[in-house]
Amino acid sequence: MNEGLDPSAVYVSRLSTRLHGPPDHVRGLLDETQAHLADATDELVAEGADPLAAAQQAVARFGAVDVVAGAMNRSTRARYRRPALREAVTTLMAVAAAGLLAMGAVGLLARAATALTSTRTLFGLPAGARMPASSCNHWLAVQPSAVTCRDAATLEAAADLTLGLAVAGAAGLVLALVVVVMHRRAGPRTGLVPPSAGPTLAVVGFGLGALSTALLAADDAVILSLWGAGLFWVASATCAVAALGSGVVLVRSRPARRGDAHPLR
Amino acid sequence: MKRDATRGHLDVLLLRVLVAGPAHGYGVIAALKRRSEGQFDLPEGTVYPSLHRLEDAGLVASEWATVSGRRRRVYRLTPAGEASLAQKQQEWQRFATGMSAVLGPGS
């Protein structure tokens, strides 16, 4: 015990460093502890004890910090396990929805860019792409307007990828709606899943997406023999914008007040 | 009484103490010690999680109030808590009767 300090205050301070859970809940536990120790000390002083000895005895009766913190943390986990799990799932679903919506946006932007440039720019095969004869026959059959195998492959890639990205975007919209409904039905936040978790995941995911697609575009890589460099550039730019937007949300999700960081303050 | 034995029956003991009326944590623990004549010796801080568990189960309700200048959480028994207590008291009576019949002097 630190000499010269109120044993009750020292105990509450030590307990505060061992408790986990939502800040409001932890603050409540500490307030209860503080009031309990004050009551116990007052009673012992009223019985004739020295104030310092009374406070020390009150602390001893309350129990070792590790034992009490362990019991309180078990109770907190039991209370908040389900809502915290729901928050974590909702956060992951929100990030997944953002990713799918970004894919839909890539599809729309790619179509727009195709109108401004050409299908070959966006979906044209990389220079090193090999086209097996059987595939050529298939592409020429399903794309009768194409004259060469390369043109047929390009048109087929444009059709398949645009459809795939549109489906992803639609799925993203549905998932986003589900997330909004879940968010509205949820109770108060537990604080166990920080508000910055979703934006952080999104920044990392979109950032990696922007970097990897930029590298693929710059290298004019062959992916599944179908993807064009132009699409990679569009995807990279979309991911970069999404990462930037997620970064803004992340900054705004940080607690503005310094006092939020510690339950005792 | 050993701590483990006390802990196993803590919930019903806490519910019984609250029959007398709403009380804050220290009041509940003090009443428990007084009524048991000091038999129930638990680290007082570990009683609060039990109160919170009873609250999560809907057997106890609590609200914050300022009493004697201190912010305290005051606990009270809910109707579900009263019903649970009545059931547990019956179970305990049957158990105690059975134990007495076996361990009593006439057995």
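**Figure 1. Confidence along chain B of the predicted model**. Within chain B, the lowest confidence falls in helix α1 (residues 3–8), with a mean pLDDT of 57. The highest confidence in chain B belongs to α4(B), at 93. The average pLDDT of chain B is 87, and 91% of the residues score at least 70. For the model, ipTM is 0.84 and pTM is 0.64.

**Figure 2. The open three-stranded sheet of chain B**. The strands follow the order β1-β3-β2 (chain B), and their pairing is antiparallel. The edges of the sheet are formed by β1 (23–24) and β2 (60–67) of chain B, each of which pairs on one side only. Helix α2 (residues 10–18) of chain B packs on this sheet and touches β1, β2 and β3 of chain B. The direction of α2(B) makes about 100° with that of β3(B).

**Figure 3. Pairing of β1(B) with β3(B)**. Strand β3 comprises residues 70–77 of chain B and is joined to β1(B) by two bridges, the two strands running antiparallel. B:His24 stands opposite B:Val74, a residue of β3(B).

**Figure 4. The side of chain B that touches chain A**. Contact between the chains involves 15 residues of chain B and 20 residues of chain A. On the chain B side, α3 (25–35), α4 (47–56) and β3 are the elements that give two or more residues. Of these, α4(B) gives the most, with five residues. By residue class, the side of chain B that touches chain A divides into seven charged, four polar and four nonpolar residues.

Terms used: Residues are numbered from 1 along each chain as its sequence is written. Chains are lettered from A and ligands numbered from 1 in the order in which they are written. This is a predicted model: local features need pLDDT of at least 70, side-chain atom pairs count only at pLDDT 80 or more; totals for chains, interfaces and linings use all residues. Two strands pair if DSSP finds at least two bridges between them. Helices (H or I, at least four residues) and strands (E, at least two) are DSSP runs, numbered from the N terminus. Two residues are in contact if their C-beta atoms, placed from the backbone, lie within 7 Å. Axes are lines fitted to C-alpha atoms, for helices over the stretch in contact, and angles run from 0 to 180 degrees between N-to-C directions. Ala, Val, Leu, Ile, Met, Phe, Trp, Tyr, Cys and Pro count as nonpolar, Asp, Glu, Lys and Arg as charged, and the others, Gly among them, as polar. pLDDT is the predictor's confidence in each residue, from 0 to 100.
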